[in-house]
Amino acid sequence: MSNIHFDYSKALRFVKESEIVNFQEKINENYKAIYNKTGKGNDFLGWVDLPSKTESSLLDEIAKTASALRAKSEVCVVIGIGGSYLGARAVIEALSPAFNLLKKKKGNPVMLYAGHNISEDYLTQLLQVLNEKDYSLVVISKSGTTTEPALAFRLLRRHLEEKYGAQEAATRIVAITDKARGALKQLATEKGYQTYIVPDDVGGRYSVLTPVGLLPIAIAGFDIKNLISGARQMETFVKEDYSIANNPVSAYAATRNALYNNGKAIEIMVNYEPNLYFFTEWWKQLYGESEGKENKGIFPAGVSNTTDLHSMGQYIQEGVRNLFETVVSVENPQNKLLVPQDTDNLDKLNYLAGKRISEVNRMAELGTSIAHVDGGVPNLRITIPEVNESVLGELIYFYEMACAVSGYLLEVNPFDQPGVEAYKKNMFALLGKPGFESETEAIRKRINQ
Ligand code: PA5
């Protein structure tokens with residue numbers, strides 16, 4: 001059974017149903033290539049059976065590490081970039097109260113993030129916050145060599161050691177990295193940090209269900225067993241029936257590719273719940289890095305409504321008609337709040353009195369989708385019953401599998417990211433990194449021309 005429902009009926013004004021279902025045969029082949037590991041990038045398919053293969057002993061161990069850090073941290077800083085932080089942040093923000101002020105202090109740490117930018121102001125302010133707080137660090141880098149998290153970790157490690165002394169600091173650091181390679185692995189071994197391994201066959205953006213996502217999520221206080229069990233449920237469900245009619249993964253992959261073939265090159269993920277903002281960020285990374293290559297791919301964008309109806313809404317309604325949207329629609333909020341009756345009714349809102357706020361939100365969603373379809377924007381809809389660990393686990397697996405199936409429809413390798421190296425090479429050359437001497441000379445000539 002799946003809690004995720006996909007509806008492409010509001011795309012059928014823009015694409016024939018036959019163009020969607022015609023992908024069936026290719027999709028069947030793609031599943032076979034994924035399960036039999038015969039397609040492009042097949043050494044990075046460890047995520048496929050990860051939920052069912054995750055031992056409960058690993059989950060128990062992660063929970064134990066998490067509770068030790070929770071007990072002594074008001075703040076936990078997750079250091080990582082791209083796939084090494086977005087999955088954790090997506091789940092944590094989706095499940096957390098919107099306001100940190102609603103959290104208890106110790107025992108339920110506020111999660112902060114570093115290593116995903118090189119901003120001097122951001123890092124300075126983070127250190128200022130940490131001067132006042134008891135904290136711990138989770139540093140995540142599969143390669144163990146990525147500049148942004150390495151730089152942030154150098155600063156934060158120094159701060160932590162000065163605050164607590166080297167011995168206590170080492171108990172407040174957990175490293176998640178490759179089992180043998182990379183500078184982070186070497187550092188962790190030498191300093192005696194507790195470590196978790198990123199499996200060789202799981203790439204960064206598919207790693208949220210490994211310790212990369214699980215440890216920060218557990219530290220934030222959420223149930224990683226339920227997260228994995230939701231993902232496991234989707235893993236089983238997807239395998240049962242590949243048909244576009246019954247399998248939302250197949251239907252989503254087919255529809256977005258049919259739209260792409262009709263000139264819809266931009267997909268906007270839309271949410272009406274602000275706590276899904278980082279889920280969209282995770283999805284953007286997963287799909288952008290997986291599909292955007294060989295001069296092909298749908299550009300993944302995101303909006304949070306109704307906020308963005310007052311900014312991007314204008315463009316979506318009337319701008320260039322090269323986009324489609326996929327709404328992630330949540331059926332049931334966690335809370336109940338009614339619009340109050342007001343005697344004076346000066347704001348003219350009494351017509352809403354007694355209605356739930358979520359009902360107003362639902363009508364905004366429905367009204368927007370009708371307006372956008374009328375304006376020439378195909379509207380896809382993914383419905384989930386509520387936001388909890390288990391449903392998020394299902395949704396994560398849904399998007400991972402759909403990304404792989406979709407990437408294979410596009411005939412790219414959805415598991416590599418060769419384009420990410422270009423900026424790094426130039427940055428290293430400009431900074432005079434040892435080993436980049438000829439690149440340094442060449443780039444300095446270019447900028448001095
Ligand atoms: O999906 C990916 O592989 C990337 O986004 C990486 O996760 C990101 O570049 C960070 O890499 P690393 O974990 O090696 O520091």
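Q: How many salt bridges does the rule count?
A: The count comes to 20 salt bridges, where a salt bridge is a side-chain nitrogen of Lys or Arg within 4 Å of a carboxyl oxygen of Asp or Glu. This is a predicted model, so local features need pLDDT of at least 70 and side-chain atom pairs count only at pLDDT 80 or more, while totals for chains, interfaces and linings use all residues. Residues are numbered from 1 along each chain as its sequence is written, and side-chain values use heavy atoms, with hydrogens and water left out.

Q: Which residue does Arg-13 form a salt bridge with?
A: Asp-374, with the closest N and O atoms 3.3 Å apart.

Q: What does that pair tie together?
A: Arg-13 lies in the loop between strand E1 (5-7) and helix H1 (17-21) and Asp-374 in helix H15 (residues 357-374), so the pair ties together parts that are 361 residues apart in sequence. Helices (H or I, at least four residues) and strands (E, at least two) are DSSP runs, numbered from the N terminus.

Q: Switching to domains. What does the assignment give?
A: Domain 1 is 5-41 + 227-409 and domain 2 is 50-226; the bounds come from an automatic or database domain assignment. The C-alpha centres of domain 1 and domain 2 lie 29 Å apart.

Q: How many residues does the contact take from each domain?
A: It takes 28 residues from domain 1 and 27 residues from domain 2, contact meaning heavy atoms within 4.5 Å.

Q: And what area do domain 1 and domain 2 bury between them?
A: About 2,400 Å², 63% of it on carbon and sulfur atoms. Buried area is the accessible area (1.4 Å probe) that two parts lose on being put together, summed over both. In domain 1, Leu-227, Ile-228 and Phe-278 lose the most area to domain 2, together 28% of what that side buries.

Q: How many salt bridges are there across that interface?
A: The rule finds one between domain 1 and domain 2. Arg-205 forms a salt bridge with Glu-289, with the closest N and O atoms 3.0 Å apart.

Q: Now the ligand. Which residues come nearest?
A: Of the 13 residues around the ligand, Ser-84, Ser-141, Ser-143, Thr-146 and Gln-285 come nearest. A residue is near a molecule or strand if one of its heavy atoms lies within 4 Å of it.

Q: How far is Ser-84 from an oxygen atom of the ligand?
A: A polar side-chain atom of Ser-84 lies 2.6 Å from one. For Ser-143, a polar side-chain atom lies 2.7 Å from an oxygen atom of the ligand. Glu-289 has a side-chain N or O atom 2.9 Å from a ligand oxygen atom.

Q: Last topic, the backbone. Is the peptide bond from Asn-305 to Thr-306 cis or trans?
A: Cis, with omega near 10 degrees. Thr-306 is found in the loop between strand E8 (299-304) and helix H14 (312-318).

Notes
A polar contact is a pair of N or O atoms within 3.5 Å; within protein, one must be able to donate a hydrogen and the other to accept it, and residues adjacent in sequence count only if both atoms are side-chain atoms.
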